Amino acid sequence: MTARQALDDLIREREETYAAVSRLLGRNTAYIQQYIKRGTPARLDQSDIAQLALHFDVPAKLLGGKESPSTPRRSVITVPVIEAKGLEIARERSRIVDEAWLKRLCNRPAGLAILPIAGEAMQPTLQNGDEVIIQRLRSHDALQDGLYAVRGSSETFVRRIALDPTKNRISVLTDHPAYPSWNGVQRKAINVVGRVIWIGSQVS
């Protein structure tokens, strides 16, 4: 069995998608499909193979990698993926992410979550199918102007928050003019889940 066949079988067995596995590697959504179906690239980078081996919990050698007992495995963290309604492709419930990379983003990796973007309300900043990583807010964390994940009645989505400290109110804004914003609402009326700390585009 070739490394391509092995990876294809693992993706099918775990009911994942080529696009989701590509995002795991930080690649464009067609990367793994092109590797499996078209043979491009001819072989995966060793760093990609190591990440896939950790994700699927298989020996790196199965995926065409090299294993060395003297080489320590990278420390990883399982980050939950928040369900996003309106996306045509299925998403995994969690993703294994390199801990060292996460620590460069924030000092509290345990409070992170991945949120896929559905819809056009935040264009051009965020496109349908993009992903963001959010840092969940704690009770004592103060809001600042910026992008945040907000929980509505049936879904969680990203909006731009602007503070009005003189009136103790906030505005919850879309970046696309065709979609409505909420101006001057009370802070307690909005369920702010977390602050956006990283944006991943679906297009490389």
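Is D48 buried or exposed? And what does its salt bridge look like?

Reply: Keep in mind that this is a predicted model. D48 counts as buried, because its relative accessible area is 5% and the cut-off for buried is under 20%. Its salt-bridge partner is R27, with the closest N and O atoms 2.7 Å apart. This pair ties together distant parts of the chain: D48 belongs to helix α4 (residues 46-56), while R27 lies in the loop between α2 (18-24) and α3 (31-38), 21 residues apart. R27 itself comes out as partly exposed, at 29% relative accessibility.

Now put that next to R12 and D8, whose side chains also meet in a salt bridge (3.4 Å, N to O). Here both residues lie in helix α1 (residues 3-13), four residues apart, or about one turn of the helix. D8 counts as buried at 12% relative accessibility, whereas R12 is exposed because its 52% falls in the over 50% class.

D141 and R138 give you another pair, with 3.5 Å between the closest N and O atoms. Both ends are partly exposed: D141 has a relative accessible area of 24%, and R138 has 40%. If you want the overall tally, searching the whole structure turns up nine salt bridges.

Note on methods: Residues are numbered from 1 along each chain as its sequence is written. This is a predicted model: local features need pLDDT of at least 70, side-chain atom pairs count only at pLDDT 80 or more; totals for chains, interfaces and linings use all residues. Side-chain values use heavy atoms; hydrogens and water are left out. A salt bridge is a side-chain nitrogen of Lys or Arg within 4 Å of a carboxyl oxygen of Asp or Glu. Helices (H or I, at least four residues) and strands (E, at least two) are DSSP runs, numbered from the N terminus. Buried means under 20% relative accessible area, exposed over 50%, partly exposed in between (1.4 Å probe, protein chains only).
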